[in-house]
Amino acid sequence: MSVSPDRVRLTSAQGRVVRQVVKALQGTEFAPWSTAMSTALSVSVPPFGSVVVVGEVKRGKSTLVNALLGSADVVPAGLGVVTAGFVRVTPPTPERPEGHAAVHFADGSTREASPEQAREIAVTGTTGNEDDPALIGVSLAHASATLGEVALVDTPGIAGLTQGHTELAALAASEGSVLLVVTDAGQVFTQPELDFLTQVSGRVEQVVFALTKIDQYPVGWEDVLAENRSLLARHAPRFAEAPICPVASTVALEIAGLDPAAVLDLREYAGVDALAETLRDRLVSPASLALANALRSGLSGIERYEDKRRRTIAALESAGQQVPELDAFVNRLRALQEQGDRWSLDLNSDSSVLRADVLHRASQRFAAVRQRWTQVAHERRKGNPDKVVEEVAVQLTAELRTIVTECIGEFVAGFHVQADQLFTAIGRDLSSAVRLDADVDDLAMAELADPEYTGSFDATLASTAMIGSSMGGLVAGLIAPAIIAPVFSIVGGAAWYVVNYRARRAHTLERVVTQTTAQGVNRAETHLRFAVDRARTVMLRDVTIAFRHELKAALDAAKTELEAARRAAAETPERLRREVANEKRHLTALAALRDEVQAVMRQALTPGSQ
């Protein structure tokens, strides 16, 4: 049977290791792990590797993405433009040809859109339809002029590098992607950037830095690059030797489409080609990643089989001394199995209490945010409306994202503790039994609604000013010569308008900030409840299935050990020695196979591997 072009193709050495794992586990209680490995090798692999672009607001991320793509208008960029949602740009395929665009929502649904609509949604953070689910981002099909078959993910640059960016970085690592951290030549690393790098240093393998806007800072950008290198050595030493590529994205876009030979010097100065080569050198192919993930299942089965062999050897070498202890353990497991789903009901109840506690603490934090921003609205009511509203929208969004992300993390961590106690009771490890990845995107929170500030002219105030003007004219007629009255009338009316407008504007600004805060908090609370409930449903399901399987496996293993211990008590010393030697030979063979599997996995995860 021919292999589909989108399936993993194995080399002869890789195929031999896979066959050895299947042979070693076949016919044992660990056969499901070899089956999982074979299944993973038979499914389609992602067609593209990914470069995930992160950075603080206005560092030039979107312009750099466009420069890598070779076109100035693929993703929204420019003065004053800040993307509010993720923009994923993938190479065109027959199913998604050049120009295809789609909008992606937190409930997993997708809706096709025109490229123009997708770009607008990416900037505004909303589709304009209140009934739509929370927005995650948009995707566009567009060929890259520099990266070839690689997807680019432009992340929102809102209020610095948040916890959500940290989780995105971890996702990038798990998908074998390269993290492209964008800074600019105008300043050295900020503290939020250094904090972000410190957080991801233990979770992300491949990081490349882009120092943008060197054309705007022709004198001094090299000093910034050197200082950044020094800061990395002190604060994130894992990345001290990571590439820092100086680029002039706007220059690259200006010369896009020109004869490469005629602008060779400018292309070299722009640095985008060098950056693209650096990124390509660090990408792991999706097929290699799929192979490593498949082998991880087989490796788990081998390690479990090794553990069983070691326990059997210990039971035989004890010459029957473990019989009472093993007999008691078997009885405990049988009793737990006979209880049916009592343990499931307990976990359901405990996780429900955890959910209530997490949401209660979150509610208190949301209330504090609402109270503080209400106070800010009152204090800043006479400020510049556009500036105040923009500042509130940015800072409030960042605060709400942080609360949502931290509370989701708190719930998931608490559930892990509860589930781990359950598995520990049967002598099993939760992390090796089930991978609890709650299907939750903490950045899927809907963006805040655009503040309803309508500008400086207010018709009702203008009418009020006319009334004030007439009153001013009347007073002037009584106390001044007639020639002064029209002038006073106009000036007085204008002053009346200004006084009333300022009062009305202050009131309107305070209302808008208060309303924006309330809307943001309500949306954040709704998203948090949705995310926690979905996480709880998914994890309860996975733990329930895994625990039933592990309980049966633990009971079977314990009965095997008990049988070995009883056999040891009845065997002659010479026969026991032979059985122990035989078990140790099998254990040695399993250890050698484990080493081979790990070596193939390491090689598959080496950048540039195919």
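1. Helices (H or I, at least four residues) and strands (E, at least two) are DSSP runs, numbered from the N terminus. This is a predicted model, in which local features need pLDDT of at least 70 and side-chain atom pairs count only at pLDDT 80 or more, while totals for chains, interfaces and linings use all residues. Residues are numbered from 1 along each chain as its sequence is written, and side-chain values use heavy atoms, with hydrogens and water left out.

2. Asp357 belongs to helix α13, which covers residues 342–379. The residue is partly exposed, at a relative accessible area of 36% (buried means under 20%, exposed over 50%, and partly exposed in between, with a 1.4 Å probe and protein chains only). Although Asp357 and Phe411 are 54 residues apart in sequence, their C-alpha atoms are 9.0 Å apart in space.

3. Nine strands form an open sheet with mixed pairing, in the order β4-β3-β5-β2-β6-β1-β7-β8-β9, where two strands pair if DSSP finds at least two bridges between them. At the edges, β4 (110–113) and β9 (244–246) each pair on one side only. Within this sheet, β7 (residues 178–184) and β8 (residues 207–212) run parallel and are joined by six bridges, and Val182 stands opposite Ala210 in β8.

4. The contact between helix α1 (residues 12–25) and helix α11 (residues 286–317) deserves a look. Their axes, lines fitted to C-alpha atoms over the stretch in contact, with angles from 0 to 180 degrees between N-to-C directions, come within 10 Å and cross at roughly 35°. Contact means heavy atoms within 4.5 Å, and the residues making it include Val18 and Leu25 of α1 together with Leu295 and Tyr305 of α11.
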